[in-house]
Amino acid sequence: MQYNTLGNTDLSVSRICLGTMTFGEQNTQAEGHQQLDYAVSQGINFIDTAELYAIPPCAETYGVTEEIIGHWLQKRGRRDDIILASKMAGPGSDWVSHIRGGGTRFNGTTIETAVDASLKRLKTDYIDLYQLHWPERNTNYFGRLGYQQAADEQNLTPIIDTLRGLKKQVQAGKIRHIGLSNETPWGIMQFITLAKSMDLPLVVSVQNPYSLLNRTYEIGCAEISHRENVGLLAYSPLGFGVLTGKYLDQQPENARLTRWPNYSRYSNPQAIEATRRYVELARRFQLDPAQMALAFVNSRPFLTANIIGATSMEQLRNNIASEKLILTEEILSEIELIHQSIPNPAP
């Protein structure tokens, strides 16, 4: 297992990070614990979760994933050899109304409330990396295109106040470092610039989507990763499982997109055609399509960690094994040809 330094910290995290959003919905607590045990046995020390989880979000499973991890941490012990990341949900009255009424503001009071609740569920005294799951302000994330200025942003929390609220939690020892998620280049740089000028916590990572179907991170954020030492934590590296090829011309039983077809971000006609080409490329070189897709993400110089998830142990073993796969220049060149032909079909 390769390890990378997390931003400007002294933490060394495994290049493969275990994502856990299926725990409590598609996976039971026992299955979640089995995944965690296996991941650690393979050298993974980085675990990512969120107060929002399990997915899809609903009141019945809100916080359940953190609780499952908390039971595992309590049972296992040795908390200090795990790098634990969690996330605070942002606003969304139409789809996360069960979380603080859907009107979350990233101010000091709400941050403290959210951190304390996560710590209780996780059965730990501290979270190594605490992330804002999506911006409070109106901007493009979760596949949205075409920026539109909001009519009223007077009630937004100033970023400087958010950073002060996070600093208070760092000073209290509840969180060690901070990160962003689903952020834009403008947002990342605002957090960095204000932190540097006001002696506030520096962002050490950005958790954004990145895969063969969505390489938009390269356009505006990769340079920030390089120049500001803020690496990417890549989520959905398989495009919700689409890049395995299992959805091509079929709807596998109990698969995520079969159960929840509204998650169509990675299954538009252009994404399906691109997926078909990537799967054909992998098979032509006698590679597993999922491992090729993950190995591509692993190879990016701006990557800190690749967040994988699985619903079965077979999937988990296969995904973790991708860490050992090194793609040849020939394969990488052919990937670029497909990308040039169908660029970013699922942003």
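**Exercise 1. Which side-chain oxygen reaches to within 3.0 Å of the backbone nitrogen of Ala 290 at the start of H10?**

Solution. The model is a predicted one, in which local features need pLDDT of at least 70 and side-chain atom pairs count only at pLDDT 80 or more, while totals for chains, interfaces and linings use all residues. Residues are numbered from 1 along each chain as its sequence is written, and side-chain values use heavy atoms, with hydrogens and water left out.

Step 1: go to the start of H10, where a side-chain oxygen of Asp 288 lies within 3.0 Å of the backbone nitrogen of Ala 290.

Step 2: follow helix H10 through residues 289–298, of which 10 of the 10 are buried, so the helix is largely enclosed by the rest of the structure. Here buried means under 20% relative accessible area, exposed over 50%, and partly exposed in between (1.4 Å probe, protein chains only).

Step 3: look at the surroundings, where the buried residues of H10 pack against several elements, including strand E3 (16–19), strand E9 (231–235) and helix H12 (329–341); contact means heavy atoms within 4.5 Å.

**Exercise 2. Describe how helices H3 and H4 pack, and name the residues that make the contact.**

Solution. Step 1: helix H3 (residues 108–122) and helix H4 (residues 159–171) pack at an angle of about 40 degrees, and their axes are 8 Å apart. Axes are lines fitted to C-alpha atoms, for helices over the stretch in contact, and angles run from 0 to 180 degrees between N-to-C directions.

Step 1: the two helices are therefore oblique to each other, since angles under 35 degrees count as roughly parallel, over 145 as roughly antiparallel, 65 to 115 as roughly perpendicular and the rest as oblique.

Step 2: on the H3 side the contact is made by Gly 108, Ile 111, Glu 112 and Val 115, and on the H4 side by Thr 162, Gly 165, Leu 166, Lys 168 and Gln 169.

**Exercise 3. Find the backbone features of Ala 54, Pro 56, Asp 199 and Ser 236.**

Solution. Step 1: a cis peptide bond with omega of about 20 degrees joins Tyr 53 and Ala 54, and the bond from Ile 55 to Pro 56 is also cis, with omega near 0 degrees. Pro 56 has its place in the loop between E4 and H2.

Step 1: Asp 199, although not a glycine, has a positive phi of about 55 degrees, and Asp 199 is exposed, with a relative accessible area of 61%.

Step 2: Ser 236 has a positive phi near 50 degrees, but at 14% relative accessibility Ser 236 counts as buried.

Technical notes. Helix = DSSP H or I, 4+ residues; strand = E, 2+ residues; numbered from the N terminus. Polar contact = N/O pair within 3.5 Å; in protein donor to acceptor, adjacent residues only side chain to side chain.
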